[in-house]
Amino acid sequence: MSIIDNLYWYKFRVDRCIDGDTIVGKLDKGKKNFDEDIQIRLNSINCPEISKAKTPEEKAAGEEAKAFVESLILGKEVVVHTYKQKDDDNFARMLADVYIVGDGVTEDIYLNKLIVEQGHAVPYRVRKEDDRWTLAQ
């Protein structure tokens, strides 16, 4: 992996959650200079659908995933590791790994992995070459 592959790290203010794996907010481009609204799709996970759910159970599970994510990051600043434009998904969302930064007492939390560990999502390879982490470990 080249050093250039790791240059896309930003602070991100979470303004809303569309569902368990899609958030909306603003990137901090430096000195609290927040950009326009950007949709971010959490990389490598897939939560149950809400608006396009095929069953009432899927919709309920999707609502639970959304509520879980909102409880952790809604209205807060997180750190996102985004990927180059060519890696954006089919819905014009930026792909990213999302981290909740620890407060010095608690450790940083890799949100994508936590959502899977808590049973609100399944691993999902969005990028074909994505071998950076394995949820089974």
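Y99 is partly exposed in this predicted model, with a relative accessible area of 22%.

**The W9–Y99 pair**
- W9 and Y99 form a tilted aromatic pair, with 5.7 Å from centre to centre and 35° between the planes.
- This pair links distant parts of the chain, as W9 sits in strand β1 (residues 9-19) and Y99 in strand β6 (residues 94-100), 90 residues apart.

**The Y99–Y110 pair**
- Y99 also pairs with Y110, and here the rings are stacked: the centres are 5.0 Å apart and the angle between the planes is 15°.
- Y110 belongs to strand β7 (residues 109-110) and Y99 to strand β6, so this pair ties together parts that are 11 residues apart in sequence.

- Is W9 buried, exposed or partly exposed? W9 has a relative accessible area of 41%, so W9 is partly exposed.
- Y110 is buried, because its relative accessible area of 16% falls under the 20% cut-off.

Methods: Residues are numbered from 1 along each chain as its sequence is written. This is a predicted model: local features need pLDDT of at least 70, side-chain atom pairs count only at pLDDT 80 or more; totals for chains, interfaces and linings use all residues. Side-chain values use heavy atoms; hydrogens and water are left out. Rings of Phe, Tyr and Trp (its six-membered ring) pair if their centres lie within 6.5 Å; planes under 30 degrees apart count as stacked, over 60 as edge-to-face and the rest as tilted. Helices (H or I, at least four residues) and strands (E, at least two) are DSSP runs, numbered from the N terminus. Buried means under 20% relative accessible area, exposed over 50%, partly exposed in between (1.4 Å probe, protein chains only).
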